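Come along and check each entry against the view.

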Amino acid sequence: MTMQNEPHIARAFDRDLEAVQALVLKMGGLVEAALLDAALALESRDDELAARIRAGDKAIDALEEQINTEAARIIALRAPTAGDLRTVLTVMKIAASLERCGDYAKNLAKRSVVLSQMAPIDGSAGAIRRMAKAVQMQLKDALDSLIQRDVELAAHVRQNDAEVDQMYNALFREFLTHMMEDPRHISACMHLHFIAKNIERVGDHATGIAEQVIYLVTGALPDEARPKADMTSTAPATGGQG
Amino acid sequence: MDDLRILERDVTTQSNKITARGVDVFYGEAHAIKSVDVDILDKTVTAFIGPSGCGKSTFLRCLNRMNDTIDICRVTGDIKLDGENIYDPKVDSVQLRAKVGMVFQKPNPFPKSIYDNVAYGPKIHGLTRNKAELDEVVETSLRKAAIWNEVKDRLNAPGTGLSGGQQQRLCIARAIATSPEVLLMDEPCSALDPIATAQVEELIDELRSQFSVVIVTHSMQQAARVSQRTAFFHLGSLVEYGETGQIFTAPKDPRTESYITGRIG
């Protein structure tokens with residue numbers, strides 16, 4: 001559909017488009033690593049690793065800025081149309097999403113430093129690490145679908161977000177139970193809940209990226225509703241065993 | 001939808017001005033246009049784009065029978081202007097061209113005064129009864145072509161003495177002086193600088209409130225800027241025809257995509 005394999009007559013245009021997409025992949029790689037590392041830092045109570053993740057967010061932010069500058073340059077100099085235009089628009093939106101994901105990873109690292117001073121909540125760090133791993137795979141698949149212009153893979157990412165939502169639901173109930181059982185756990189559980197919520201949001205961004213890929217390839221955003229399984233906003237406060 | 005700029009781009013009418021069905025054009029043995037069907041909307045700018053030799057100018061020239069002047073050219077199929085077949089033997093091609101005006105690639109003012117350039121059409125078609133009426137037609141036409149202020153003090157100066165951009169606007173004034181219903185423009189800006197191009201494009205946008213404008217252009221950006229409908233021609237066929245925004249953001253045919261993104265020439 002988008003004839004990505006057919007080169008432009010102006011070869012420099014191809015190089016520009018490839019370069020800006022390569023930046024997005026690089027950014028995606030950094031975000032995926034930050035997310036996994038942050039979950040690892042939480043589980044292993046590694047404050048040094050957490051500090052490195054917080055410092056590393058600057059590189060992610062800088063990449064977003066560079067992508068926006070490159071995209072603006074392409075728009076100004078090449079006046080992209082059709083698939084090329086959609087590539088540039090998509091790249092800018094994905095960069096904004098990834099930047100946000102980077103912030104969530106950074107926030108996770110911040111909270112892990114606070115949590116390392118508190119008594120651990122049984123099983124929580126492992127569950128969060130599994131959730132972070134699942135979301136990282138979603139991000140990876142979404143970015144792979146971008147590079148391969150693979151609508152099926154993108155649709156698959158959309159469908160899979162429900163699993164992440166379910167993992168979040170389970171954690172939400174678990175933390176609620178812990179807090180009701182022992183009020184001394186409230187502080188730690190609040191932090192853990194924010195961490196779980198933020199990872200779930202990274203999952204939403206992965207879904208958003210996949211939707212952008214569908215727009216990029218087909219020229220239209222998917223219109224059918226995707227499955228949503230985050231029920232916590234409607235769960236009753238006593239729904240500990242919900 | 002409350003955004004004024006979005007409303008402005010909308011086409012205000014859905015009525016067809018020109019309907020072409022199964023149009024084929026041959027230059028001797030060469031099959032230049034292959035079974036083209038197209039509906040040109042009234043009060044709309046329609047752009048024809050496509051690589052050199054794709055037939056867009058040939059098709060444009062069918063719309064006011066300019067191809068009649070080429071001996072080896074043969075046109076078949078149906079082209080109707082307001083429901084009337086323009087290739088009907090009863091139709092006088094000179095009258096037709098007064099209704100369907102044309103502006104060419106290179107400004108080609110007559111070697112006459114600015115006034116006479118514009119007055120020529122109304123005179124030969126007997127559209128005015130006296131000098132005062134003719135003066136009025138000349139002034140209105142020059143005003144519509146956005147050149148009145150630049151030439152009003154030297155209407156008797158030769159038209160060929162104007163700058164390229166002014167000459168092209170003079171030719172547009174000449175084309176609209178006979179009150180045409182359709183204005184055909186074949187690469188009207190290709191010999192103009194960016195400022196003159198912008199003036200002509202602005203003019204085209206104003207003209208669309210009164211006429212149906214069909215423009216052939218090599219500049220895809222120009223097609224994107226001035227038109228509401230775009231038709232892409234390739235190798236004599238009409239590949240895709242649709243709303244300009246759709247053609248430039250999400251074309252349906254891969255050949256359109258390749259052409260507008262600069263992948264085929």
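This is a predicted model: local features need pLDDT of at least 70, side-chain atom pairs count only at pLDDT 80 or more; totals for chains, interfaces and linings use all residues.

**Entry 1: the largest pocket**

By class, I found 11 nonpolar, seven polar and two charged residues in the lining of the largest pocket.

Which elements give two or more residues to the lining of the largest pocket? I noted α3 (93-99), β6 (100-103), α4 (114-124) and α7 (164-176), which belong to chain B. The largest share comes from α4(B), with four residues.

**Entry 2: salt bridges**

My count over all chains came to 25 salt bridges.

I started with A:D84, which forms a salt bridge with B:R263; their closest N and O atoms are 3.1 Å apart. A:D84 lies in helix α3 (residues 82-115) of chain A, while B:R263 lies in the segment after α11 (254-260) of chain B, so this pair joins two chains. Are these two residues, A:D84 and B:R263, buried or exposed? I looked, and both A:D84 and B:R263 are buried.

**Entry 3: two pairs in chain B**

I then turned to B:D78, which forms a salt bridge with B:K80, with 3.7 Å between the closest N and O atoms. B:D78 has a relative accessible area of 29% and is partly exposed. B:K80 also gets an entry: its relative accessibility is 32%, so I wrote it down as partly exposed.

B:E133 is partly exposed, at 24% relative accessibility. B:R129 has 73% relative accessibility, and because exposed means over 50%, B:R129 counts as exposed.

**Entry 4: a network in chain A**

Which residues are linked with A:D16 in a network of salt bridges? I found A:E70, A:R73 and A:R78 linked with A:D16 in that network. If you want to find them in the view, pick out these four names in chain A.

Conventions
Residues are numbered from 1 along each chain as its sequence is written. Chains are lettered from A and ligands numbered from 1 in the order in which they are written. Side-chain values use heavy atoms; hydrogens and water are left out. Ala, Val, Leu, Ile, Met, Phe, Trp, Tyr, Cys and Pro count as nonpolar, Asp, Glu, Lys and Arg as charged, and the others, Gly among them, as polar. A salt bridge is a side-chain nitrogen of Lys or Arg within 4 Å of a carboxyl oxygen of Asp or Glu. Buried means under 20% relative accessible area, exposed over 50%, partly exposed in between (1.4 Å probe, protein chains only).
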